[in-house]
Amino acid sequence: MADHGLRIVIAGAGIAGLAAALRLQRDGHRVLVVERAAERRTGGYLVNLLGPGFDAADALGLAPALRERDQGIFTSRLVRADGSTKLTMPAALAQESIGSHALTVFRGDLEAVLFEALGDTAEPRFGTTITAVSDGAAGAGPLHIALSDGTEHDADLLIGADGLHSGVRELAFGPADDCLRSLGHAVIAFPMDGAPDGLPEQTASTFIDVGRTAAVFRPRDGAPSAFFTYRTSEAPRDPVEALNAHFGDLSGPVHEAARRSADTDDAYVDSVSQVVMDTWSRGGVVLLGDAAWCVSLFAGHGAGLALAGADRLARALADHPGDLGTALRTWESGLRSDVRTRQREARIGMARFAPPTRAHQRMQDLMIRALAAPILGPALLRVMNRTR
Ligand SMILES: Cc1cc2nc3c(=O)[nH]c(=O)nc-3n(C[C@H](O)[C@H](O)[C@H](O)COP(=O)(O)OP(=O)(O)OC[C@H]3O[C@@H](n4cnc5c(N)ncnc54)[C@H](O)[C@@H]3O)c2cc1C
């Protein structure tokens with residue numbers, strides 16, 4: 001171990017990697033971040049930080065800057081396939097129940113706030129990945145890490161914060177098939193270039209049907225954002241083709257979003273999966289965020305867990321100086337139950353995003369109607385939020 005803090009390499013400049021870099025630098029560790037993308041990501045989809053997710057952002061000192069980029073709560077319109085409105089849930093109704101511990105920000109804005117907090121002290125090496133890692137002297141010495149830019153580095157700790165399809169996980173723990181659990185859905189999300197016709201500011205239009213959901217959000221500031229998920233056993237390849245096949249029958253703003261997906265090269269397109277692993281660390285290599293425990297978008301807490309995981313990892317290292325093994329074990333055992341809970345919630349909650357049968361869909365409609373009701377709605381929302 002180095003005299004003044006640890007030498008740490010982080011793969012991935014997403015939410016988990018940047019949050020870890022921020023916390024670990026503050027604690028005096030020497031951090032190098034490598035990021036596969038050629039440049040900083042912007043925009044992306046909307047992310048809610050509710051309850052523990054908000055608290056994690058606050059613990060990292062990010063809440064004031066995030067508040068400036070908060071998109072607030074949306075008025076929610078549930079629409080039929082022909083685009084007509086089934087019912088409307090006013091923003092004020094949800095706002096009252098959620099309270100002040102909530103933020104809605106673009107993923108790109110959350111990352112931008114993390115970048116700003118980091119300053120120029122840990123500028124990631126973009127366009128770079130980890131190509132090999134070996135532990136010196138059979139685990140007793142430092143890690144030896146080779147990067148795709150041809151440089152080599154000794155490090156005390158390698159953090160794989162490189163997302164669902166983690167390269168570090170593949171290098172240090174084995175093939176993705178061993179830990180990826182498909183939830184049998186695809187997701188396509190993208191920022192739109194201009195608002196769709198007929199969708200007012202600060203309003204979301206959502207279509208929910210058997211096996212599929214589509215939503216378009218039009219915020220006050222920034223680009224509207226489109227989100228689609230549908231049941232499938234196949235990974236989506238071409239988003240335009242997939243959206244046409246699964247949502248081509250719709251009308252209204254949601255239809256317009258599906259049609260305009262061809263205009264963007266910034267779409268998030270993937271199968272929905274969780275990551276389930278027996279352990280998140282091996283020697284001096286640890287996985288963090290989606291790379292370790294992806295709970296999936298159906299949980300709605302992945303970003304919050306990435307922030308909390310990074311904050312708690314730094315705390316565990318500070319509490320156990322000179323004893324990396326104990327620090328990593330303590331950190332993992334403290335997080336396991338939150339992750340298990342969120343993964344279970346996602347498996348159950350996925351029926352909300354793409355109801356498996358017409359009966360599920362009718363139940364869902366009834367629930368939404370109850371939530372939109374003037375007196376019953378806020379009371380129900382308060383009960384639901386207490387469990388978050
Ligand atoms: C549509 C959608 C909606 C969501 N909504 C919410 C929500 O409302 N609330 C919430 O809390 N969560 C939400 N999530 C989940 C949340 O976005 C993720 O859990 C979170 O982004 C995970 O952060 P991460 O840093 O672990 O991984 P990622 O965000 O995937 O970041 C990984 C980073 O590593 C880089 N990378 C990849 N491979 C390599 C490599 N080999 N070498 C170097 N770098 C690499 C990537 O380019 C990226 O920058 C949502 C997800 C989706 C898809």
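Start at the ligand and select everything around it. The shell is made up of 13 nonpolar, 11 polar and five charged residues. For that count, Ala, Val, Leu, Ile, Met, Phe, Trp, Tyr, Cys and Pro are nonpolar, Asp, Glu, Lys and Arg are charged, and the others, Gly among them, are polar.

Before moving on, some housekeeping. What you see is a predicted model, where local features need pLDDT of at least 70 and side-chain atom pairs count only at pLDDT 80 or more, while totals for chains, interfaces and linings use all residues. Residues are numbered from 1 along each chain as its sequence is written, and side-chain values use heavy atoms, with hydrogens and water left out.

**Stop 1: the ligand shell**

Which residues come closest to the ligand? Select Glu35, Tyr45, Asn48, Asp290 and Ala303: they are the closest of the 29 residues that surround it.

How much of the ligand does the protein cover? On its own the ligand has 1,000 Å² of accessible area, and the protein covers 90% of that. These areas come from the Shrake-Rupley method with a 1.4 Å probe; for residues, only the protein chains shown count as cover.

Two or more shell residues come from each of α1 (15-26), β2 (30-35), β3 (46-50) and α10 (302-319). Helices (H or I, at least four residues) and strands (E, at least two) are DSSP runs, numbered from the N terminus.

Then color by domain, using 7-41 + 107-180 + 276-349 for domain 1 and 66-105 + 182-272 + 352-386 for domain 2. Both domains give residues to the shell, so the ligand lies between them. The bounds come from an automatic or database domain assignment.

**Stop 2: two cysteines**

A disulfide is a covalent bond between the sulfur atoms of two cysteines, and here one is called when the two sulfur atoms are within 2.5 Å. How many does a search of the whole structure find? The search finds zero disulfides. The sulfur nearest to that of Cys179 belongs to Cys294, 10 Å away, which is too far for a bond.

Are these two buried or exposed? Buried means under 20% relative accessible area, exposed over 50%, and partly exposed in between (1.4 Å probe, protein chains only). Cys179 is buried at 6%, and Cys294 is buried at 5%.

**Stop 3**

Go to His185 in strand β12 (residues 180-191). His185 is buried, with a relative accessible area of 5%, and its side chain reaches the backbone oxygen of Leu183 at 2.8 Å.

Hop over to strand β14 (residues 212-218), where you'll find Val216. Val216 is buried, with a relative accessible area of 0%. Also in β14 is Arg218, which is partly exposed at 23%.

**Stop 4: positive phi angles**

Most residues other than glycine have a negative phi. Gln202 has a positive one, near 60°; find it in the loop between β12 and β13 (203-209). Ser296 is positive too, near 90°, and sits in the loop between α9 (290-293) and α10. Gln202 counts as buried at 11%, and Ser296 counts as buried at 8%.

**Stop 5: out in the open**

Finish with Gly322, in the loop between α10 and α11 (324-353). Gly322 counts as exposed at 60% relative accessibility. Glu152, in strand β10 (residues 152-155), counts as exposed at 54%.

Notes:
A residue is near a molecule or strand if one of its heavy atoms lies within 4 Å of it. A polar contact is a pair of N or O atoms within 3.5 Å; within protein, one must be able to donate a hydrogen and the other to accept it, and residues adjacent in sequence count only if both atoms are side-chain atoms.
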